[in-house]
Amino acid sequence: MKKIRMKNKLVEIDGDEMTRILWTNIKEILIEPYVNLQSEYYDLGLENREHTKDQITKDAAYAIKKLGVGVKCATITPNAQRVEEYNLSQMWKSPNGTIRAILDGTVFRTPITLDGISPMVKCWDKPITIARHAYGDVYSGTEAIVPAGGRVELLLPDGSKKLVHEFSESGIVQAVHNTDASISSFARSCFNYALSVKQDLWFGSKDTISKIYDHRFKDIFASIFESEFLRQFKMCGINYYYMLIDDAVARVMKSNGGFVWACKNYDGDVMSDMLASAFGSLAMMTSVLVSPDGQFEFEAAHGTVTRHYYKHINGQSTSTNPVATIFAWTGALNKRGELDHTVELCYFAKALERATLSVIESGIMTNDLTSIFSKDNVTARGVGTFEFLRAVASEIDSHILK
Ligand code: NAP
Ligand code: MG
């Protein structure tokens, strides 16, 4: 087969540990044999972030602004233990946080469903998509330790002050922010996404307690919905529902699925992991950041799978699930194809997704899926990562691109 030509480059962002190993193998086994890959490569492995004083992370984000499409491998967010392990000069910020702060936008996460894996929550007949606001709140917060006797105040632009707390004992303080512009673009991208998939939109926050901060989210969503989307939603037969976040969580558990759930940044971080595991596995979820200017960054929702990496470097075989990372690549290739009108590239991306899912449906899968797989006349067989990738390649060769 002649390799598919790409008209424009995409941004390729490499990462850490087990997902870095998956990255190389997915490219070698599933992409480069079929596509003449054109990418601008950024190495966000922790050593290179340290070496470049984290400039590489910012460069990667600006490259996505320039080229429009990026695909990112999972990366370590350093904590105290990582600072020691990698001998870091400082505890670099979360690369995802830095990239999202530059691109702004919303992260959409949808479970990858297939025949043989049913959600733990029996009433969930359809996937639930989480729309996570990707700007601000605790992800770009400022924090400090306050000694006993400290008084912390918020100094506002008009010169007035608001007391945060008088510390009789030592303690901690945190300041977070968001902007009307970012909340508005979050709201618009959620309403647009709900229209594009013809599903209801739910949004939950804690406006009863956070009477200014969370209330602002609620008000901005309501006013944009009324003025820009109400009519289109009616015509499409879908609805927008606002509720308290705790009410939303309770209702989600009793729902049939099939809606988009808009979440503030932290809620989306936590709830997407819960949804992913309830739908099967952290490794069975797609994740894409859509910026207000129409740039796309595809990634896996899980981390660098550290435990598996240490097994791997000790020479043991691992059964790390590569599906979310494969789907990050197919999402990016498909979007590049759509933007450049390269039909063959879109076709290949969809074919690779189909091949990946049919291998699992035929009973060959990584170990995280074997205990939850159940399909008549098919026995689940757990295989190592590389055996799985090779089975997908052979599925592409024999059935899809024959
Ligand atoms: P993790 O890498 O997502 O892994 C947590 C556990 O989930 C694993 O130990 C494994 O369970 C299971 N798991 C996750 N992905 C899997 C896969 N593809 N196949 C099979 N099992 C999978 O989270 P973590 O251990 O909390 O974090 C590790 C590092 O990743 C941290 O340094 C963190 O900063 C970083 N992180 C990065 C991102 C990102 O870049 N998007 C997101 C989250 C975390 P078993 O061990 O039981 O097999
Ligand atoms: Mg998370």
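The model is predicted: local features need pLDDT of at least 70, side-chain atom pairs count only at pLDDT 80 or more, and totals for chains, interfaces and linings use all residues. Residues are numbered from 1 along each chain as its sequence is written, chains are lettered from A and ligands numbered from 1 in the order in which they are written, and side-chain values use heavy atoms, with hydrogens and water left out.

**Ligand 1: the shell**

- Ligand 1 is surrounded by 19 residues; a residue counts as near if one of its heavy atoms lies within 4 Å.
- The closest are Gly303, Val305, Arg307, His308 and Asn321.
- By class, the shell holds 10 polar, 5 nonpolar and 4 charged residues. Here Ala, Val, Leu, Ile, Met, Phe, Trp, Tyr, Cys and Pro count as nonpolar, Asp, Glu, Lys and Arg as charged, and the others, Gly among them, as polar.
- Helix 10 (residues 306-313) gives the most to this shell, with 3 residues. Helices are DSSP runs (H or I, at least four residues), numbered from the N terminus.

**Ligand 1: N and O atom pairs**

- A backbone N or O atom of glycine 303 lies 2.7 Å from an oxygen atom of ligand 1.
- The side chain of arginine 82 has an N or O atom 3.0 Å from an oxygen atom of ligand 1.
- For asparagine 96, a side-chain N or O atom is 3.0 Å from a nitrogen atom of ligand 1.
- Taken alone, ligand 1 exposes 870 Å², and the protein buries 67% of that. Accessible areas come from the Shrake-Rupley method with a 1.4 Å probe.

**Helix 11**

- Helix 11 covers residues 323-340; at 1.5 Å a residue, its 18 residues should span 26 Å. The expected span is 1.5 Å times one less than the number of residues.
- Its end C-alpha atoms are 25 Å apart, which agrees.
- Buried means under 20% relative accessible area, exposed over 50%, partly exposed in between (1.4 Å probe, protein chains only).
- Histidine 341 follows helix 11 and has a positive phi, near 55°.

**Cysteines**

- The disulfide count is 0, taking a disulfide as a pair of cysteine sulfur atoms within 2.5 Å.
- Cysteine 73 is buried at 1% relative accessibility.
- Cysteine 346 is also buried, at 16%.

**Asparagine 25**

- Asparagine 25 sits in helix 1 (residues 17-31).
- Asparagine 25 is buried, with a relative accessible area of 16%.
- Its C-alpha atom is 8.0 Å from that of leucine 389, 364 residues apart along the chain.

Methods: Polar contact = N/O pair within 3.5 Å; in protein donor to acceptor, adjacent residues only side chain to side chain. Helix = DSSP H or I, 4+ residues; strand = E, 2+ residues; numbered from the N terminus.
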